[in-house]
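Here is a short tour of one protein model. Keep the sequence and the 3D view open as you read.

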Amino acid sequence: MTDYSARHLSVLEGLEAVRKRPGMYIGSTDSRGLMHCLWEIIDNSVDEALAGYGREIEVVLHADESVEVRDHARGIPVDIEPKTGLSGVEVVFTKLHAGGKFGTGSYTASGGLHGVGASVVNALSERLDVEVDRGGKTWAMSFHRGEPGVFADAGAPSPDAPFTPFVSGSELRVVGKVAKGVTGTRIRYWADRQIFTKGAGFQTEELLGRARQTAFLVPGLGIEIRDERGEEPTTTSFRFEGGISEFVEHLAPDAPLTEVWRIQGSGAYSETVPVLQENGHMVPTELQRECEVDLALRWGTGYDTVFRSFVNIIATPKGGTHQAGFEQGLLKFLRAEVEKNARRLKAGSDKLEKDDVLAGLTAVLTVRLPEPQFEGQTKEVLGTPAV
């Protein structure tokens, strides 16, 4: 154990907890957890694209088992954050629950929500390098298991290179110049072999599937996956202008009976949430929220139901309040229509059941709202009641 100075302690107190109980933050330490880490990083770039910055994201699976995510968004802030006295880059990568997703300023609806994404990935990486293009310069910083410092690289970067942690203060290095107006972030990391089980690896099929899904959910966003691990590097790109209407056509297992119908709308609700005051106290405050709903659906000749639901482009495979609301609304509407036209449709007295309505349905439901409440950190079930 090396001697820690006070500034290391504050960083490692939080990140040590992540290293002790990684499952709490990423679900598991096998391939699934490894993929969860990668998506935490990619989702940060996707959130920027959702906010209107950067239309391209590149993911490179390097031959040395590291992975790199590049975007052309605003770039992580490089200025000093007044409360901690650290650069924005260091805050994002070393402080749990830090980032632009807290407070209701920079993102109206984001995917990375708990503010633990980048710092958790950093804590569980043997080495992480970040480069930011901003303000005409390229800034860089490296971390070893969450601790900022400098690797003495001889040639290609490697997690086994000698590492010297910063002692008195950290340095965000300027390593190059970029043209005015060029911004973006590049993050490359080596997952920690002490944490992840032997044989955990990046699942190419799963990565491509989710990249395709994300490209459907953010129309116009280009996502490129480059895999350099085999003998021949492979590159796959996705970009869809039609959004979830195209997604439904892609998912549908049968011939269509109806066209793809697209229904969009929004609703307001109020929610009481704790808000951080200037003096550091959390005060319960009633906020007015907006929930946008975007839905694409069609019925086909088969009997299977294919349904995908998302909150701010996070998949919710186990459903939640949005899915329950959709199914209730659909059933209620169709029942009312059948009753209204009972004579014309020669409908008997049997009530339509949920299964009747869902048979042959392919649908994609996305809702966008600020600060959704999920059940658990892995965000598989939406819990916000108002939705």
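The model is predicted. Start at a single side chain. The side chain of Arg-127 makes a polar contact with the side chain of Asp-153, at 2.7 Å. Where is Arg-127 found? Arg-127 lies in strand E5, residues 125-134. Is Arg-127 buried or exposed? Buried means under 20% relative accessible area. Arg-127 has a relative accessible area of 3%, so it counts as buried. Leaving aside neighbours within four places in sequence, Arg-127 is in contact with several residues, among them Phe-143, Phe-151, Pro-157, Tyr-189 and Trp-190. Asp-153 is also in that set.

**A sheet of five strands**

Now move along the chain. Five strands form an open sheet, in the order E13-E14-E17-E15-E16. The pairing is mixed. Strand E13 (261-276) and strand E16 (314-315) stand at the edges. Each has a single partner strand, so one side of each is left without a neighbour in the sheet. Strands of a sheet pair through backbone hydrogen bonds, either parallel or antiparallel. Which way do E15 and E17 run? Strand E15 (residues 306-311) and strand E17 (residues 361-368) run parallel, joined by six bridges. Take Ser-309 as an example: its bridge partner in E17 is Leu-365.

**A helix on the sheet**

Helix H8 (residues 321-340) packs on this sheet. H8 touches strand E14 (282-299), E15 and E17. The direction of H8 makes about 125 degrees with that of E17.

Which residues of H8 are buried? They include His-322, Phe-326, Leu-330 and Leu-331. Seen down the axis of H8, the buried residues fall within an arc of 160 degrees, so they line one face of the helix. An α-helix has 3.6 residues a turn, so residues three or four places apart point the same way. The cover over the buried residues of H8 includes E14, E15, E17 and helix H10 (354-358). The face turned away from the buried side carries the exposed residues Gln-328, Lys-332, Glu-339 and Lys-340.

H3 is mostly covered, with 18 of its 20 residues buried. After H3 comes Gly-52, whose phi is positive, near 100 degrees.

Technical notes. Residues numbered from 1 in each chain as written. Predicted model: local features only at pLDDT ≥ 70, side-chain atom pairs only at ≥ 80, totals over all residues. Heavy atoms only, no water. Buried < 20%, exposed > 50% of the residue type's maximum accessible area, 1.4 Å probe, protein only. Helix = DSSP H or I, 4+ residues; strand = E, 2+ residues; numbered from the N terminus. Pairing = 2+ DSSP bridges. Contact = heavy atoms within 4.5 Å. Axes fitted to C-alpha atoms, helices over the stretch in contact; angles between N-to-C directions. Arc of directions from axis to C-beta. Polar contact = N/O pair within 3.5 Å; in protein donor to acceptor, adjacent residues only side chain to side chain.
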